[in-house]
Each structure stands twice: as structure tokens, then as C-alpha cells.
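Student: Could you help me learn to read a protein structure?
Tutor: Gladly! Let's look together.

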Amino acid sequence: MQITIAPASPQTCRSAVQALLGDKSAPVVIGIYRDLNKVPAEFKSHPNFKAVQGDLKERDSLDFTGSDAVLTLTPPCYDGSDFVAQAKMILSNVRDAVMQAKSVKRLVYISSMGAQFTSGVGEVQSNYESERILEYAAPEVILIRNGYFMENWRDALSTLAAEPPYFYSTVTPLNYKMPMVSARDIGRACARQLLQTGFPLAARPYIFKMHGPREFSTADVQKAFEEVTGKTIEVRLVENDQLETHFSKLLPSNLVGLFAEMTRSFLPGGILEEDMFNFAGIERGQDTLVDAFKRMLAT
């Protein structure tokens, strides 16, 4: 069996590669990289892995011929350009390459909670557009709608080094719990789905939600950081009416309103709240916040 990961460098895709290379079925894994210097050494030395130079923005650089399955996602766009237009262009390139290859039976797309909504979810609109482009690209299409990435808390690492240590949180109120999941668990789920290529799916596309072992709050994040660092850590909450000001310090101007809207979509009363706590059709990962934060601090 041959599986292509395009692109292979994001955390979720890297985790999928690790899971695939560790599987006893020994699939051949092709990783697509814009820069081959960024291929992890552990992959380079593996006999079943092959790194190939390619760019999802360049259709002619994508060749999935011979692959039975493909894993893809929508790369983030933080350069101030039109993120929806870029998503459409990139995923159209992937779709065309999948359809031209003919050998591809299954396409797995790493999406996001909220991708079912046409509006009101901010930056996640790019996932909605991507799903529409890919939903019939292969005989078997799987859309994995993930909860909030535990690794999104990586931005806290710089302020945890301050004295006294603290971190900002846009997830409010303090004890409000929501789905969070690690990149490693998402990658593992992708690997399982890719390895089941050829098995009948209940629907086309087949959609499931990916959550962590339970729901987590900002208070849980605080406790996890305190456990892995051994420090007492302050939480500085970014309240609903402060979101635009907060994001304006971090993002290009065209994304500020979109990230504020996305954040409000999963806060209490938001468009996503009801769906987040409808646990029908979910798969749960294993990693806790402590597991994810230990890995973050080690890298």
C-alpha cells in the first residue's frame, strides 16, 4: 500500500507519518515538502519513507500516481492575502491531482469544528470551502472535524518564562469547557483511516468529529501548565469585548475580525456551542493537556 501526505510538514501530518511508519502493515509513505531540508531525520532514514519536493500552490508539482490514499489539509495563511481564495486554489490543486492519479481510492482531509457553517465562524470558512472542493474527489472521502488544537497554547511558552509567569487565554469564562485535541491524536486518527482504504464507508463524504479524552477549560490549561513547569501561573483572560484588540497585536489586519469571530463562535452562546456538545459521531483521542504540553516544552 502506498500513501501520500500532502503536505507532510505540519504537526498533524507529521504525526500521521509517524503512525503509518510504525504500523505493522508497513505501507510506503510519500511525504510532500516545499523544502526537502525540513524532512525529519527519523523519516529520511526509514526504508518505507520517500520525501518528494512539491508545493500545493503549484499544481504541476503534485503527482499522486501509484498512491492508494492521500492525506491533506488547508495550510494557514498569515501573510495578509485572501485566505479563502488561497484555500480554494490549494485544495483545487490537490483535488485535480487526486482525480488525475486514478489510483487514489481514499482522500482524508484534516478539517475543523465549524466547517459545516457557511458563515459566522471566521477563519474556519476556509475549511468549509475546502470541504466543498474535496467532498467527491475520490471514491472514499473522509472529513475529520477537529476540536481546538491543544498545541494552540504554544504561544504561552514565551510568557511562561516571564517573572511572574502568566499566559493569555481567549477561552472564557475560566471554567468553560470545550473540545480540545492534540495534533498527535489527530495524526493517529488520520493514519487509521488511511490504512482502512478500500473498506466501505457509511457515507460519501464520511464525516466525524475528533475530540480529546474529555473537554477542557482554561482552568484546566492553567493546572496543566503548572504541573509540567512546577510553577504557579497566572491566567490573563481576554474577554469577549477585548478580542479584536488582542488579535490586532498578533495578526495581519485582514485576519483580526475573522479570528475574533471564530473565537466567539465556540464561546458560550456561539454558533458552535450546541454542536460541540453533541457527542454523536465523535472519536476521542488519548492525549491530555499535560501530555501535549510536555511535548511542547521538550521541543
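Predicted model: local features only at pLDDT ≥ 70, side-chain atom pairs only at ≥ 80, totals over all residues.

Tutor: Residues are numbered from 1 along each chain as its sequence is written, and side-chain values use heavy atoms, leaving out hydrogens and water.

Student: At what angle do helix α3 and helix α4 pack?

Tutor: Axes are lines fitted to C-alpha atoms, for helices over the stretch in contact, and angles run from 0 to 180 degrees between N-to-C directions. Here α3 (residues 83-101) and α4 (residues 125-134) pack at about 25°, with axes 9 Å apart. Angles under 35 degrees count as roughly parallel, so α3 and α4 are roughly parallel to each other.

Student: Which residues of α3 and α4 make the contact?

Tutor: Contact means heavy atoms within 4.5 Å. Among the residues making it are Phe 83, Val 84 and Leu 91 of α3, and Gln 125, Glu 129 and Ile 133 of α4.

Student: Now Asp 287: is it buried or exposed?

Tutor: Buried means under 20% relative accessible area, exposed over 50%, partly exposed in between (1.4 Å probe, protein chains only). Asp 287 has 2% relative accessibility, so it counts as buried. Asp 287 lies in the loop between β13 (282-284) and α11 (289-298).

Student: Which side chains have a polar contact with Asp 287?

Tutor: A polar contact is a pair of N or O atoms within 3.5 Å; within protein, one must be able to donate a hydrogen and the other to accept it. The Asp 287 side chain has one of 2.8 Å with that of Arg 184 and one of 2.9 Å with that of Arg 295.

Key: Helix = DSSP H or I, 4+ residues; strand = E, 2+ residues; numbered from the N terminus. Parallel < 35°, antiparallel > 145°, perpendicular 65-115°, else oblique.
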